[in-house]
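Here is a quick tour of one protein model, written for someone who would rather look at side chains than read a methods section. Have the viewer open and follow along.

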Amino acid sequence: MMELKLLTAADVTPPLSVIAVSKLAGVPLTVEPTLASASPPVLVLPNGLKLRGTNVLLRYLGRTATTIPSLYQRDAFEIGQIDEWLEYAPIFSSGSEYEGACKYVDGYLLQRTFLVGHSLSIADMAVWSYLAGAGKRWESLMKSKKYQNLVRWYNTISTEHAAVLDELTATYTKKKDSGKPTSTKTNENEQHSNKQIANGNVNESGKVSNRPEVDLPHAEMGKVCLRFAPEPSGYLHIGHSKAALMNQYFAQRYNGKVIVRFDDTNPSKESSEFVDNLLIDIKTLGINYEKVTYTSDYFPQLMEMAEKLMREGKAYIDDTPREQMQKERMDGIDSKCRNNGLDENLKLWKEMIAGSERGLQCCLRGKLDMQDPNKSLRDPVYYRCNPMPHHRIGSKYKIYPTYDFACPFVDSIEGITHALRSSEYHDRNAQYYRIQEDMGLRKVHIYEFSRLNMVYTLLSKRKLLWFVQNGKVDGWDDARFPTVQGIVRRGLQIEALIQFILEQGASKNLNLMEWDKLWNINKKIIDPVCPRHTAIVDEGRVLLTLLDGPETPFVRIVPKHKKYEGAGEKATTFTKKVWIEQTDAKSISPNEEITLMDWGNAIVKEIKKGADGTVTELVGVLHLQGSVKTTKLKLTWLPEINELVPLSLVEFGYLITKKKVEEDEDFIDVVNNETKKEIAAVGDSNMRNLKVGDILQLERKGYFRCDAPFVRPSKPIVLYAIPDGRQTATK
C-alpha cells in the first residue's frame, strides 16, 4: 500500500486514534502539520483525493484494514454501534465530564471484553486513545482502582497490541504534556517530531529517536512470513510459548503472517494426541496463524532433494556405527563411505527406503566439511531409517528426514522470510545456511532470541515424559508441569503469561527467570476482580459459642468483592455458634477481644483445652460496638450449619530440588518426591456454585482455582492454590 499523508494543524498534536489505527491496520502514514489553526485533520490519498475529520478518517482506515478486518467491517447493526461510540468518545476530552464518562464505560464493560461485539474495533481505539492521551490524569485513575472494568479493558488492548501502542503512547503523551506551541508556524524539528510519532520511532526513555524501529533483519512491511514449528512429541510448555508469542509479536509489527507447522519427522516420539493438544495450547495463547502445515506434507519433495544431492556429490550413504560416527565427527575424521560412488549410494538408498536389514544399518549424510571448526558442519545426518508407523501417514515410509535437513528446505519453499529460534541453536546457523545453499534454495533469515529458562523447572520434553511415564505427575496437564495446560490449571491467566514474555522482548541474554515474577503479574490481574470466600481447615476446628449470639440464624447478602461489583453477591449466615481454626483458637488469650471478619468484635470469656493442649471449645460474647482497630486478631469464621461444603485445598511444590540442572547432570538425582499437599477444609455454602476454572480468594489463605466443583456433600470441592509471587513453594 502506498503511503498516505495526514495533514494536521500546526498548533495541535496529531490525533492519537488515527495514528494508532493506521499502525494496527498496517497503513503507512506521514504527518505534515501544515494546516491552519483549529483545522480538522485531513487524509490525503495516493491519488490526491482528501478526507476530513477524525471519525471519517477512522472509518476509512478501518474499512481498508487487512491485518484486522473487523476494525470496521461488521454487520449493519455493529457498524451502527461503532458509529455511536465514535460520537460518544469526544466526551472524554471535556474536563468536567471526564470521570462521568469513565464511570459510564466502566459499567458498560462489566461483562464485555470489547465495546462492540467480540473483537477490537475503531470504537475501542477511539475511546482508548482519549484515555491514553490524557497522560497523568488517566494514570492516576488507574492507580485508584475506581474503574476496574475500564482498566481491565484498557490493559487488554495495551497488552495485546503492545508492539504498536507502547512507544507510540509514550511519545504522544510526553509531547502533549510539554504544552502546545504558541505560534501557528511549525519549524522543521516540530514536523520531524510529528512524523516520528506517526511512525512510532522512539527510544526506551520515550524520547523521539532518529533510529528506525527495525527488529528483524531485511524485514519489509507486509511481506514478513514467520513459522512456529513445534514437534508433536509433547504438550506446549512455557518455553515454547515464548517462541510462539515472539512470532506473533513480529508478525503484528510488520503486518505479516504466521504459519503453524508441525515438525513431525520422528514417529517414535510423536502422536495425534500431541498434535490436537498443541493446537489447543496455540489457541489458548491467542496465536493468530494463517494455516497449519506438516513437515510430513513435504516427504516426497524431501526425498527428491536427497537424491538430487547424492547425484551432485553433496550427500552420501554411510553405514558407520553410530558411536563410531560420533567420534569421527568430533575428531574430524572422514568416513570410509565418504567417497563412495553414486551407484553404491543409490543402491544403499533403496535399501533404506525399503527398510531392509541392510538399510537399517545406514543413514544419509551431507558432504560438507569434516575439518570445519564448527562441528555442526562435519557431515551431518540428513536421513535415517525408522520402521515405526507415522501418526499421520502410517507405514508408507521407512525413512525420515532429520530436523537439520527438513527445516531449511520447508522454511524456504513455504515462503518463510525469517526463522525465529532460540540462541541455543546459534552454532547450527551456519549449517542451516549451507544446507539451503547446497539445495539451491532461497535464503531464509535466522533471528535469534534467548531461550526461556525457569528456576526449579525442566523444559526438556524427554525429561517431562519421564515424569508422566513414571507416575510422578497425573499427566501432561498436571498443575506441577510447566506446560501451558499445566500452568493454566494451576491458575495462571494467559494475559499474565503474555505480559511476562513480552516484557523480555527479543533479548538474546540468557536468563534464569524466577517464577515469582510471573505469579506476581498474575496476582495483579486476578486480585481486583476475583470473588472472596471463607474456608476453615477441618482438622481440629473449634466451635466458638457466642452466649448473646442470634438464637435464630439470619442471612445477609454481601458483595463477594468489596471493591468490584462484578464479582457478584453471596449469602452469609450468622449463628450463635461459629467455627474457627485450631491455629487461631490457640492464639487467643482469656478475655481477649477479637474481630470476627465481616461481623464485628467479640470477647472470648472461656477457653477449654484437651490434655494435649488442643483447644476444644471457646465461649464468648459479642461486642459489636468495639473497634476493629484495637484488636490484634482478625479471624475468619463459618457458621455452624449443615450447608457448609467439604473442600480439598491442594498446594504444590517444584518437581526438582535444584534451581538449575546442567545438561550433563542426571535430573533423577534431584527429583522432589513430595510435591503435593492436600488439606481438608470446609467452605461457605456459596462455593456450591463454583465451576471448573473459577478463580477465587479464600480470606487469609490466598488465591485458588477450582479444579473439581461441588457434586455431592461426600465429595469435596478441589481447589488448587495459586502462588502470589511472595510465597515460596514447597521444595
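## A buried aspartate, some rings and a cavity

Start in the loop between β9 (363-366) and β10 (381-385), which is where aspartate 379 is found. Keep in mind that this is a predicted model. Is aspartate 379 buried or exposed? Its relative accessibility is 0%, and anything under 20% counts as buried, so aspartate 379 falls in the buried class.

What does the side chain of aspartate 379 reach? It gets to the backbone nitrogen of leucine 368, at 2.8 Å. Leaving aside residues up to four places away in sequence, aspartate 379 touches Tyr316, Arg329, Arg338, Arg365, Gly366, Lys367, Leu368, Asp369 and Met370.

Now for the aromatic rings. The count comes to 32 aromatic pairs. One of them is formed by phenylalanine 299 and tyrosine 400, and it is edge-to-face, with 5.7 Å centre to centre and 70° between the planes. Phenylalanine 299 sits in helix α12 (residues 299-311) and tyrosine 400 in strand β11 (residues 399-401), so this pair ties together parts that are 101 residues apart in sequence.

| Residue | Relative accessibility | Class |
|---|---|---|
| Aspartate 379 | 0% | buried |
| Phenylalanine 299 | 2% | buried |
| Tyrosine 400 | 0% | buried |

Rings also gather in a group elsewhere in the list of pairs. Which residues do ring pairs link into a cluster? They are Tyr235, Phe274, Trp466, Phe467, Trp476, Phe481 and Phe667.

How many cavities of 30 Å³ or more does a search of the whole structure find? The search turns up one, and the largest cavity has a volume of about 40 Å³. If you want to find it in the viewer, select its lining: Tyr403, Asp404, Cys407, Pro408, Arg421, Arg428, Gln431 and Tyr432.

Note on methods:
Residues are numbered from 1 along each chain as its sequence is written. This is a predicted model: local features need pLDDT of at least 70, side-chain atom pairs count only at pLDDT 80 or more; totals for chains, interfaces and linings use all residues. Side-chain values use heavy atoms; hydrogens and water are left out. On a 1 Å grid over the protein atoms alone, a cavity is a set of points where a 1.4 Å probe fits but cannot get out, and a pocket is an open set with protein on both sides within 12 Å along at least five of seven lines; lining residues have an atom within 4 Å of a point. Grid points are joined across faces, edges and corners, and a volume is the space filled by probe spheres set on the points. Helices (H or I, at least four residues) and strands (E, at least two) are DSSP runs, numbered from the N terminus. Buried means under 20% relative accessible area, exposed over 50%, partly exposed in between (1.4 Å probe, protein chains only). A polar contact is a pair of N or O atoms within 3.5 Å; within protein, one must be able to donate a hydrogen and the other to accept it, and residues adjacent in sequence count only if both atoms are side-chain atoms. Contact means heavy atoms within 4.5 Å. Rings of Phe, Tyr and Trp (its six-membered ring) pair if their centres lie within 6.5 Å; planes under 30 degrees apart count as stacked, over 60 as edge-to-face and the rest as tilted.
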